Amino acid sequence: MKKIAVFTSGGDAPGMNACLRAVVRTGIARGVEMYGVYRGYEGMIEGDIEPMQARDVSNIIQKGGTVLKSARSEAFRTVEGRAEAFHQLEKRGIEGLVVIGGDGSFRGAQVFHEEYGIRVMGCPGTIDNDLFGTDHTIGFDTAVNTVVDAVDKIRDTATSHGRMFIIEVMGRDAGFIALHSGIVTGAEAILIPETVTYIDELIELLKSGWNRKKSSAIVIVAEGDDAGGAFDVAEKVNERFDKYDTRVVVLGHIQRGGSPSAHDRLIGSRMGHSAIMELLAGRNCEMVGVVHNQIRFTPFSKATKFHTSIDHQLLDLAAVLSS
Ligand code: F6P
């Protein structure tokens with residue numbers, strides 16, 4: 001394989017740049033001509049594809065976002081869009097791809113391979129941590145740290161005023177960001193989509209804290225929780241328990257930005273390196289993951305179909321430690 005293109009796709013995640021750098025430099029070290037596709041599948045269709053040298057990825061390992069930019073492409077979902085994308089690659093002689101993205105990006109890559117035979121390897125880049133086959137996705141650790149920083153600050157003002165804050169975090173339909181950040185900020189309650197939320201139980205828990213003279217309360221709500229978002233939860237709780245003056249905070253896209261943590265830079269670098277090595281060795285349509293600190297490979301079909309399950313011991317831990 002003489003020419004490989006790399007692109008970032010879907011929601012950006014801190015550490016994507018570290019992964020991109022590893023892909024480009026490993027490819028060049030192995031004698032491959034490397035290309036960068038700008039704006040994901042959208043840019044591929046439009047031919048926004050440039051050769052990449054080692055110096056093009058200098059000074060990016062510490063940067064959040066993605067220097068290749070990203071997009072969610074509707075056009076690539078169509079037969080015509082994929083045909084044009086393939087045409088753009090073919091005319092440059094590009095034979096292999098590395099996609100850094102989430103489940104939608106991997107599903108697109110699988111279809112693309114089935115239609116045109118182009119070989120692809122994937123690196124899991126998403127803050128949601130919702131891919132099966134890796135302990136952590138690139139960006140998850142940084143996002144959790146961003147949430148922790150914000151919640152610690154909110155706790156200061158919550159305690160000063162004796163208030164309750166209902167804080168919504170991202171994660172799409174997964175609760176990993178909520179669970180991990182909730183434990184390490186000492187949240188009184190953590191609501192995640194993987195478990196059913198009973199508002200009655202939540203109210204009892206908050207009442208019990210109030211009776212035990214807790215000076216503030218923090219409830220972390222994953223955006224995909226079955227009870228709704230933070231505003232819905234606040235409304236349902238306040239109807240029946242209004243001892244605390246309540247405020248709602250939706251952290252939003254702040255969770256996607258910022259300089260990547262050491263952990264995200266490290267797994268991004270390891271995964272990017274491995275994606276190229278394995279693509280050259282003949283592997284195809286698999287996601288590179290890190291499981292128990294070892295590089296592992298999972299077919300796209302499996303990585304996108306299953307969820308890493310929530311560790312229920314962590315939920316129990318959160319309940320005991322926040323009492
Ligand atoms: O998948 C990453 C993510 O940040 C999710 O947590 C969130 O639900 C979604 O993307 C937001 O997407 P957008 O940036 O398109 O609004």
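Mentor: A salt bridge is a side-chain nitrogen of Lys or Arg within 4 Å of a carboxyl oxygen of Asp or Glu. This is a predicted model, in which local features need pLDDT of at least 70 and side-chain atom pairs count only at pLDDT 80 or more, while totals for chains, interfaces and linings use all residues. Residues are numbered from 1 along each chain as its sequence is written, and side-chain values use heavy atoms, with hydrogens and water left out.

Trainee: What makes Arg 283 and Glu 278 a salt bridge?

Mentor: Their closest N and O atoms are 2.9 Å apart, and the limit is 4 Å, so the pair qualifies. By this rule the count comes to 17 salt bridges.

Trainee: Why is Arg 283 called partly exposed?

Mentor: Buried means under 20% relative accessible area, exposed over 50%, and partly exposed in between (1.4 Å probe, protein chains only). Arg 283 has a relative accessible area of 26%, so it is partly exposed.

Trainee: How far apart are the closest N and O atoms of Glu 115 and Arg 82?

Mentor: They are 2.7 Å apart, and the two residues form a salt bridge. The pair links distant parts of the chain, with Glu 115 in helix α4 (residues 103–116) and Arg 82 in helix α3 (residues 79–90), 33 residues apart. Helices (H or I, at least four residues) and strands (E, at least two) are DSSP runs, numbered from the N terminus. Glu 115 has 35% relative accessibility and is therefore partly exposed, whereas Arg 82, at 9%, counts as buried.

Trainee: How do you know what separates Asp 103 and Arg 107 along helix α4?

Mentor: They are 4 residues apart in that helix, so about one helical turn separates them. Asp 103 forms a salt bridge with Arg 107, with 3.7 Å between the closest N and O atoms. Both ends are partly exposed: Asp 103 at 25% relative accessibility, Arg 107 at 43%.

Trainee: Which residues are linked in a network of salt bridges?

Mentor: Arg 39, Glu 46 and Asp 48 are linked in this way.

Trainee: What makes Leu 317, Val 320 and Leu 321 a patch?

Mentor: Patches are made of residues with over 30% relative accessible area and no salt bridge; like charges are joined within 9 Å, nonpolar side chains (Val, Leu, Ile, Met, Phe, Trp, Tyr) within 5 Å. Leu 317 has a relative accessible area of 36%, so it is partly exposed. Leu 317 lies in helix α11 (residues 312–321). With Val 320 and Leu 321 it forms a nonpolar surface patch of about 290 Å² of accessible area together, the areas coming from the Shrake-Rupley method with a 1.4 Å probe, where for residues only the protein chains shown count as cover.

Trainee: Why are β3 and β11 called edge strands?

Mentor: Two strands pair if DSSP finds at least two bridges between them. The open sheet of 7 strands has the order β3-β2-β1-β4-β5-β10-β11, with mixed pairing. β3 (49–52) and β11 (294–299) each have a single partner strand, so one side of each is left without a neighbour in the sheet. The twist averages 30° from one strand to the next.

Trainee: Which senses of pairing occur in β1 with β2, and in β10 with β11?

Mentor: β1 and strand β2 (residues 33–37) run parallel and are joined by 5 bridges; Ala 5 has Tyr 35 as its bridge partner in β2. Strand β10 (residues 286–291) and β11 are antiparallel over 6 bridges, and Val 290 stands opposite Ile 295 in β11.

Trainee: Why is β1 called mostly covered?

Mentor: Of the 6 residues in strand β1 (residues 3–8), 5 are buried.

Trainee: What makes Ser 274 count as buried or exposed?

Mentor: Ser 274 has 8% relative accessibility, so it counts as buried. It belongs to helix α9 (residues 262–281). Leaving aside neighbours within four places in sequence, Ser 274 is in contact (heavy atoms within 4.5 Å) with Val 288, Ile 295 and Phe 297.

Trainee: Which strands form the other open sheet, and in what order?

Mentor: The order is β7-β8-β6-β9, with parallel pairing. β7 (189–191) and β9 (245–250) are the edge strands, each pairing on one side only. Strand β6 (residues 163–169) and β9 pair over 6 bridges, and Phe 165 has Arg 247 as its bridge partner in β9.

Terms used
Axes fitted to C-alpha atoms, helices over the stretch in contact; angles between N-to-C directions.
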